[in-house]
Amino acid sequence: MLLFEDVTKRYPDGTVAVDGLSLEVAEGELVTLVGPSGCGKTTTMKMVNRLEEPTEGRILLAGEDIAGIDPVLLRRRIGYVIQQAGLFPHRTVLDNTATVLRLLGWRRAPARERAAELLDLVGLDPSVHGDRYPDQLSGGQRQRVGVARALAADPPVLLMDEPFGAVDPVVREHLQNEFLRLQAEVRKTVLFVTHDIEEAVRLGDRMAVYGHGRIEQFDTPATVLGAP
Ligand code: ADP
Ligand code: ADP
């Protein structure tokens with residue numbers, strides 16, 4: 001579903017963030033990208049939805065070079081969840097989610113109906129939480145809304161950049177479990193960035209272990225942990 005072919009990213013200041021990276025992610029697979037800060041994980045993600053362009057190499061989405069896909073259309077096929085959920089502060093939780101669908105041309109009533117279903121899917125009660133504003137939610141609840149929004153357009157691919165990094169360990173474990181249940185249901189192709197090796201092991205079908213700008217190991221968690 002996602003194929004990186006010998007991808008290098010050199011920023012204008014000369015920093016080589018990603019260095020000859022090749023990676024193949026199967027449809028419905030959840031791959032965790034794990035490694036210390038600054039090793040190129042976020043840059044890898046940004047190239048998938050064309051927030052950054054590779055300097056060399058190419059990235060294929062379902063066999064199609066993404067360099068030829070209009071970024072706006074591309075982002076409809078790719079959901080993005082970040083550490084600070086990035087919600088609109090002056091819109092309710094339900095509106096935050098419905099807005100994504102309105103932008104895709106949905107009419108108001110069906111958009112709100114679908115938004116309520118999405119909130120339910122991520123473990124929020126639309127009749128309780130739907131009318132709240134983001135600052136009236138806990139950190140974990142905000143991240144759930146972030147996931148609901150990313151799923152709204154039903155994209156085949158989800159990019160998650162430390163989505164549970166800002167919540168406390170107990171909530172994080174809860175969110176991880178919920179996300180695994182959700183993923184079993186929706187089966188998205190997921191790239192999931194974390195610097196937490198335990199999280200990478202728990203969530204990943206396979207994990208890509210980063211060194212500086214490179215993937216040093218790419219295998220199932222059991223194999224990575226069992227490696228000498
Ligand atoms: P993370 O480790 O999650 O990427 P950072 O604090 O390192 O968080 O980076 C935050 C943002 O700043 C990211 O979007 C990253 O691409 C950008 N960034 C990181 N390093 C630099 C840099 N040297 N120059 C410009 N932008 C940078
Ligand atoms: P990670 O997500 O693993 O923390 P990043 O992809 O954010 O790593 O960053 C990889 C390297 O690229 C780091 O050295 C970072 O400082 C640098 N970097 C990230 N964004 C930029 C940018 N916009 N301009 C210059 N350097 C950057």
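**Close-up views of a predicted model**

**View 1. The largest nonpolar core and its most connected members.** In the largest nonpolar core, which has 31 residues, those that touch the most other members are Val-147, Leu-158, Met-160, Phe-164, Phe-179, Val-190 and Phe-192. Several elements each supply at least two residues of this core, namely helix H3 (93-103), helix H4 (108-121), helix H6 (139-152), strand E7 (157-161), helix H7 (169-186) and strand E8 (189-194). Of these contributors, H6 gives the most to the core, with six residues. As in every view here, the structure shown is a predicted model.

View 2. Not counting residues up to four places away in sequence, Met-160 touches Met-45, Val-81, Val-147, Phe-179, Val-190, Leu-191, Phe-192 and Val-193. Val-147, Phe-179, Val-190 and Phe-192 in that list are, like Met-160 itself, among the residues that touch the most other members of the largest core.

**View 3. The whole protein, as a setting for the close-ups.** The secondary structure of the protein comes to nine helices and ten strands. The radius of gyration is 18 Å, close to the 17 Å that the globule rule gives for 228 residues, so the protein is as compact as a globular protein of that length. Along its principal axes, the C-alpha trace spans about 50 × 40 × 35 Å. Of the 228 residues, 46% count as buried, and among contacts between residues at least 6 apart in sequence, 66% join residues at least 24 apart. The protein exposes about 11,000 Å², of which carbon and sulfur atoms supply 49%. Its side chains include 26 positive and 33 negative ones, and the centres of these two sets lie 6 Å apart.

**View 4. His-129 in helix H5.** His-129 lies in helix H5, which covers residues 126-129. Is this residue buried or exposed? With a relative accessibility of 12%, His-129 counts as buried, because the value is under 20%. When its neighbours within four places in sequence are left aside, His-129 is in contact with Val-93, Leu-124, Leu-137 and Gln-141.

View 5. Which residues does Thr-92 touch, not counting residues up to four places away in sequence? They are Gly-130, Asp-131, Arg-132 and Tyr-133.

View 6. Asp-6 is found in strand E1, which covers residues 2-10, and its phi is near 50°, a positive value in a residue other than glycine. At 49% relative accessibility, Asp-6 counts as partly exposed, because that class lies between the 20% and 50% limits. For Ala-62, too, phi is near 50°, again a positive value in a residue other than glycine. Ala-62 is found in the loop between strand E4 (56-61) and strand E5 (64-65), and with a relative accessibility of 55% this residue counts as exposed.

Definitions and conventions. Residues are numbered from 1 along each chain as its sequence is written. Chains are lettered from A and ligands numbered from 1 in the order in which they are written. This is a predicted model: local features need pLDDT of at least 70, side-chain atom pairs count only at pLDDT 80 or more; totals for chains, interfaces and linings use all residues. Side-chain values use heavy atoms; hydrogens and water are left out. Helices (H or I, at least four residues) and strands (E, at least two) are DSSP runs, numbered from the N terminus. The radius of gyration is taken over C-alpha atoms; the globule rule is 2.2 Å times the number of residues to the power 0.38. Buried means under 20% relative accessible area, exposed over 50%, partly exposed in between (1.4 Å probe, protein chains only). Contact means heavy atoms within 4.5 Å. Accessible areas come from the Shrake-Rupley method with a 1.4 Å probe; for residues, only the protein chains shown count as cover. Lys and Arg count as positive and Asp and Glu as negative; His and the chain ends are not counted. The place of a charge is taken as NZ of Lys, CZ of Arg, CG of Asp or CD of Glu. A nonpolar core is a set of buried Ala, Val, Leu, Ile, Met, Phe, Trp, Tyr and Cys residues joined through side-chain atoms within 4.5 Å.
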